[in-house]
Amino acid sequence: MTGQPFHRSRAEMLQERPAPITSVGVIGWMRANLFSTWLNVALTLSALALLALTVPPLIDWTFLDATFAGSAGKDCTGEGACWAWLDQRIHQFVYGFYPAEAYWRANLAVVLLVPAVGYLLFANLPYARYGRWFSLAYPVIAAFLLVGGLGLDVVRTDQFGGFVLNLVAGITGIVLSLPIGILLALGRRSRMPIVRTFSVAFIEFIRGVPLITLLFVAIILLPIFLPREVSLDQLVRVMVIITLFASAYMAEVIRGGLQAIPQGQYEAGQAMGLGYWQSMRLIVLPQALKISIPGIVNTFIGLFKDTTLVIIIGLFDILGQARLLQTNQDWLGKVDYETFLLAALFFFVICFGMSRYSINLEKRLDTTRR
Amino acid sequence: MPEAEAEAGPGGAEDPIIQIVGLNKWFGAFHVLRDIDLMVEARERIVICGPSGSGKSTLIRCINRLEEHQEGRVVVDGTELTHNLKNIDVIRREVGMVFQQFNLFPHLTVLENCTLAPIWVRKMPKAEAADIAMEYLTRVKIPEQADKYPGQLSGGQQQRVAIARSLCMRPKIMLFDEPTSALDPEMIKEVLDVMVDLAGTGMTMLVVTHEMGFARQVAHRVIFMDEGQIVEQNEPETFFNDPRSDRTKLFLSQILSH
Ligand SMILES: Nc1ncnc2c1ncn2[C@@H]1O[C@H](COP(=O)(O)OP(=O)(O)OP(=O)(O)O)[C@@H](O)[C@H]1O
Ligand SMILES: [Mg+2]
């Protein structure tokens, strides 16, 4: 049709050539990512303009024009932020009204958290055998350190506050909501009608009611119904509600993961003689949880931020401390955004850390490319 | 039939290792298995074929209770399959199964795939389980892949791992459900070779397959199923050369014509 001969062959094979300079290196990256289309060019330029408008004033306000020294609001005379309170008040942001002579106990509880979590997450640490036991015992150890008793001075839970309170409530919620969520997810897929109905009812009820409502019910209504002798610590009540709330969402996230596991995986396990719990633990859950990591971390982060709701039982977590300082006689009128900025920084560090860790975990668990 | 003839033939004085009597099964209202009677002797090798939807998979899945039957008796190695969970566990330990889609565990290495059941079901020490796994991985000719993940292997290699994984439980019976149907043509032979090799060890095998060369080479008996029933069964030569039923003839003409 084209008039060319049908048979053609190559006398010499082509040699490899380097890629054009415009497609590799910094220039290549910018072309591909920032200036690939006219829309992209416009977006890039607008973003740069926006940054130029906002970042320098923010840096000026936060650092360059800020006042760092002083003992009261009247010392803050500059244009910028007033950070003079940091020196006397930072411990209150971190520990709330926890007694100063017991700070070491809170510190130790947080420090011990590192190995406790480490031994749960990483299989190949030294002394792994004892480490697991330590992880299991950690909640008791931490509770003992924080609350006291048995020789240590008792700290009432209404003295808890600051970021330590957010950490305690958040970590308790995270540690408990995952297993409860797993059980609820399995329950919802169970063949036993009672288990299934209970799980569905629980999940749908909790998801259908705002968290703040649940908290009010637990704090204000519950004592009316319960006999007088039964008194549950208020902080415990809040933590239970926050945990259950997160568990319901967790259950749905994990159910999504479970549904993504092909039937063949269950069958292979059954055919080899593994029981239900063995199959779940060894075959199904490791895969389902891996798929669910983004959703799980999402729920964790949500839970962690919900810990600021302890304010409704009159406890001053880090956000409460931020508000408290704004209305303080010494600092009134001089300090407002600053304290929120500090609280935001604390939250950001933890939440961003969780998010980075989850990305790292996903990469590490990816068995398809290695 | 080269190595297949060498070892002792099936049966002998013992009872059949699998006894299926009057088996009926329904999926909802659909009568999928109808009055199946099947005796399988120890060391016997059976190939099951038949058109799609004829109930071949369902039949062999009734043997390890991946499917539950409603009528009739299924007795495996002297244990009857009932609702008794103990019996089901006992039988699953003795019966290995290889699936069309391999069903390897993607989050575990090849070696871990192979040692999982021995460790958790047979309560075998890890080191011993690993030794056995390496023995079978060598048998299926991929010991060097032991530390890789299934996702990094070719289909043929994955299916050989799946066979090794089943063998690590040292089962008395092996069930194969179309083990080569999901494979590219160039990989079918490597899997069939492993199965022929396994046949040489005297394993009792029930194989659902349309690989007629394999059936001729290895099977003691070929069973043809259609519409949930066993339509015809015979030893391979006669089955292929002189089928009796019209359905069998039609089926054979269809699969042999390409
Ligand atoms: N879980 C199930 N629920 C309802 N119907 C089913 C189920 N499993 C199989 N069937 C139906 O039962 C019939 C027999 O299925 P089976 O898988 O045993 O056929 P098969 O002979 O193995 O076919 P194939 O060659 O396609 O694998 C088919 O019509 C199928 O649609
Ligand atoms: Mg089938």
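This is a guided tour of a predicted model, with a list of things to select and what you will find at each one.

**Before you start**

Residues are numbered from 1 along each chain as its sequence is written, and chains are lettered from A and ligands numbered from 1 in the order in which they are written. Because the model is predicted, local features need pLDDT of at least 70 and side-chain atom pairs count only at pLDDT 80 or more, while totals for chains, interfaces and linings use all residues; side-chain values use heavy atoms, with hydrogens and water left out.

**Stop 1: where chain B meets chain A**

Color the two chains differently and look at where they touch. Here 22 residues of chain B are in contact with 19 residues of chain A, where contact means heavy atoms within 4.5 Å. How much area is buried between chain B and chain A? The value is about 1,900 Å², and carbon and sulfur atoms give 59% of it. Buried area is the accessible area (1.4 Å probe) that two parts lose on being put together, summed over both.

Now select B:Arg61 and A:Glu267. They form a salt bridge, with their closest N and O atoms 2.7 Å apart. A salt bridge is a side-chain nitrogen of Lys or Arg within 4 Å of a carboxyl oxygen of Asp or Glu. Between chain B and chain A the count is one salt bridge. There are also six residue pairs in polar contact between these chains, both residues being at pLDDT 80 or more. A polar contact is a pair of N or O atoms within 3.5 Å; within protein, one must be able to donate a hydrogen and the other to accept it, and residues adjacent in sequence count only if both atoms are side-chain atoms.

Next, highlight α3 (85–94), β6 (95–98) and α4 (110–120) of chain B, the elements that give two or more residues to the side of chain B that touches chain A. Helices (H or I, at least four residues) and strands (E, at least two) are DSSP runs, numbered from the N terminus. Which element gives the largest share of this side? It is α4(B), with three residues. By class, the side of chain B that touches chain A has 13 nonpolar, four polar and five charged residues. Ala, Val, Leu, Ile, Met, Phe, Trp, Tyr, Cys and Pro count as nonpolar, Asp, Glu, Lys and Arg as charged, and the others, Gly among them, as polar.

**Stop 2: a helix in chain A**

Move to helix α12 (residues 318–326) of chain A. Its buried residues include A:Ile318, A:Ala322 and A:Leu325. Buried means under 20% relative accessible area, exposed over 50%, and partly exposed in between (1.4 Å probe, protein chains only).

While you are in chain A, select A:Arg188, A:Glu204, A:Arg207, A:Glu252 and A:Arg255, which are linked in a network of salt bridges.

**Stop 3: salt bridges within chain B**

Over all chains, the whole structure has 20 salt bridges. Select B:Asp197 and B:Arg139, a pair whose closest N and O atoms are 3.0 Å apart. B:Asp197 lies in helix α7 (residues 185–199) of chain B and B:Arg139 in helix α5 (residues 126–139) of chain B, so this pair ties together parts that are 58 residues apart in sequence.

Stay on α7 of chain B and pick B:Lys189 and B:Asp193, which sit four residues apart, about one turn of the helix. Their salt bridge has closest N and O atoms 2.8 Å apart. B:Lys189 is exposed at 54%, and B:Asp193 is partly exposed at 34%.

**Stop 4: two backbone angles**

Select B:Asp35 in strand β2 (residues 30–40) of chain B. Its phi is positive, about 45°, although it is not a glycine. Then go to B:Asn103, in the loop between β6 and α4 of chain B, where phi is near 55°. Is each one buried or exposed? B:Asp35 is exposed, with a relative accessible area of 55%, whereas B:Asn103 is buried, at 10%.

**Stop 5: the cysteines**

How many disulfides are there over all chains? The count is zero, a disulfide being a pair of cysteine sulfur atoms within 2.5 Å. For B:Cys62, the nearest cysteine sulfur, that of B:Cys49, is 18 Å away. Finish at B:Cys168, whose sulfur is 4.5 Å from the closest cysteine sulfur, in B:Cys114, too far for a bond. B:Cys168 is buried, at 1% relative accessibility.
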